[in-house]
Amino acid sequence: MSAEPQTPAKLQVDLHVKYIQSLNTKQDDLEYWLSEHLRVQGIYWGLNTLDMMDHLDALPRDDLIKYICSCQHENGGFGGHIGHDPHIQNTLSALQVLVTLNALDSIDTDKVVRYVASKQNDDGSFRGDDWGEVDTRFCYIALSICSLLKRLDAINVDKCVEWILKCRNYDGGFGNQPGAESHSGQIFCCVNALAIAGALHHVDRDLLGWWLCERQVKNGGLNGRPEKLEDVCYSWWVLSSLATIDRLQWINADKLTAFILSSQDLEDGGISDRPGDMVDVFHTNFGVTGLSLLKYPGLKAVDPVYCMPQYIIDSLGLPRLHQC
Ligand code: GRG
Ligand code: ZN
């Protein structure tokens, strides 16, 4: 006789709040020091999760603002931790934290915009830092920062769109640079960058929607590209892309919800990449934001373009660039 499929536990909000709070106090753990370069991004992931679950006050606001500000460099960019080199990715996370805490007035935002603009190449692409790596991730990041700060005028948006379109493949997806294989993470970046740029008409929604919904595997989870393992974070990269192109209904929501919920640690909180693995704050955030897109009860609505609660994007007066 085959075993009955188990009903997964509900979302463990209290445990996840405790888990996120505990990350700040684990300073005796080797892991804490090894992840130093991810601290600013980690604060964004943790704070965003808390806000989605309506527990924004579970972390000390003033300490966070002070810490984030201390990661900013003279050139306007932010490092991943105090004294670390600036990078456009940490700059977005820092900004997202300050926007969430309604504390943008703690920094010189013009300096941030100048830093981002200084990273654009003549072909429209963006470098991530002074070392010069180019990737579609950095186009999304630059557009997201400039949009959140209402300074899209500071960069060449049309050139950036032109370059992103060079990264589009015959399967409707996008890679990290021209000629590179389609990957859901890069699709998230390109689709939402095009949404911010007002250039979504370049996307073949049915072709891309088909590729994205084929990412769902038997157990309900989503993978990032064909033949790869399912992973909770693709509940964000894939689902948010589907939401932006208005094809969210093309995946089985109940099965994906069950997959995310069964990846929770029911003792110590947090969500892992797949059932039974070690949890981390990255997968906790993208599990919860994924559940929000799936309309899981009790969670705030998330904006698929910015990966921040919808009420924040609305309160900034930014337009909704999706149909959720
Ligand atoms: C504000 C949400 C937000 C993001 C900022 C940094 C960034 C912009 C987006 C990253 C997009 C991306 C590339 C996500 C994928 C991350 C990931 C799980 C990569 C793993 O890739 P592989 O090839 O794994 O190691 P697979 O699953 O293909 O085996
Ligand atoms: Zn993952």
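**View 1. Asn285 lies in helix H13.** The model is predicted: local features need pLDDT of at least 70, side-chain atom pairs count only at pLDDT 80 or more, and totals for chains, interfaces and linings use all residues. Residues are numbered from 1 along each chain as its sequence is written, while chains are lettered from A and ligands numbered from 1 in the order in which they are written. Helices are DSSP runs of H or I with at least four residues, numbered from the N terminus. Asn285 counts as buried because it has 27 C-beta neighbours inside 10 Å. The term buried applies when 20 or more other C-beta atoms, placed from the backbone, lie within 10 Å of a residue's own; with 12 or fewer the residue is exposed, and in between it is partly exposed. Not counting residues up to four places away in sequence, Asn285 touches Trp45, Asn48 and Thr49. Contact here requires C-beta atoms, placed from the backbone, within 7 Å of each other. Cys160 is 125 residues from Asn285 along the chain, and the C-alpha atoms of the two are separated by 28 Å.

**View 2. Helix H11 (residues 234-244) is largely enclosed by the rest of the structure, because eleven of its eleven residues are buried.** The buried residues of H11 include Tyr234, Trp236, Trp237, Leu242 and Thr244. Around them, the packing partners are H9, helix H10 (205-213), helix H12 (253-261) and helix H13 (281-293). Asp246, with a positive phi near 65°, follows H11.

**View 3. Leu239 lies in helix H11.** Leu239 has 29 other C-beta atoms within 10 Å and is therefore buried. Its contacts, not counting residues up to four places away in sequence, are Leu248, Gly290 and Leu293.

**View 4. Helices H9 and H11 pack at an angle of about 35°.** Their axes are 9 Å apart. Axes are lines fitted to C-alpha atoms, for helices over the stretch in contact, and angles run from 0 to 180 degrees between N-to-C directions. The crossing of H9 and H11 is left-handed, a term used if the near helix is turned anticlockwise from the far one by less than a right angle. On the H9 side the residues are Ser184, Gly185, Ile187, Phe188, Val191, Asn192 and Ala195, and they meet Tyr234, Trp237, Val238, Ser240, Ser241 and Thr244 in H11. By class, this contact of H9 with H11 has seven nonpolar, six polar and no charged residues. Ala, Val, Leu, Ile, Met, Phe, Trp, Tyr, Cys and Pro count as nonpolar, Asp, Glu, Lys and Arg as charged, and the others, Gly among them, as polar.

**View 5. Sixteen residues surround ligand 1.** The closest are Arg137, Gly185, Gly224, Lys228 and Cys307. A residue is near the ligand if its C-beta atom, placed from the backbone, lies within 6 Å of it. At least two residues of the shell come from each of helix H5 (88-100), helix H7 (136-148) and helix H9 (184-197). H9 gives the most, with four residues. Sorted by class, the shell holds eight nonpolar, four polar and four charged residues.

**View 6. The largest nonpolar core has 89 residues, of which Cys139, Ala142 and Ala193 touch the most other members.** H9 supplies the largest share of this core, ten residues. Such a core is a set of buried Ala, Val, Leu, Ile, Met, Phe, Trp, Tyr and Cys residues joined through C-beta atoms within 7 Å. Leaving aside neighbours within four places in sequence, Ala193 is in contact with Cys139, Tyr140, Leu143 and Ile164.

**View 7. Asn102 and Glu227 each have a positive phi: about 55° in Asn102, near 70° in Glu227.** Neither residue is a glycine. Asn102 sits in the loop between H5 and helix H6 (109-117); it counts as exposed because it has 11 C-beta neighbours inside 10 Å. Glu227 belongs to the loop between H10 and H11, and with 5 other C-beta atoms within 10 Å, Glu227 is exposed.

**View 8. Leu165 is found in helix H8 (residues 157-166).** Leu165 has 16 other C-beta atoms within 10 Å, so it is partly exposed. Pro178 is 13 residues from Leu165 in sequence, and the two are 8.5 Å apart in space, C-alpha to C-alpha.

Terms used. Contact = placed C-beta atoms within 7 Å.
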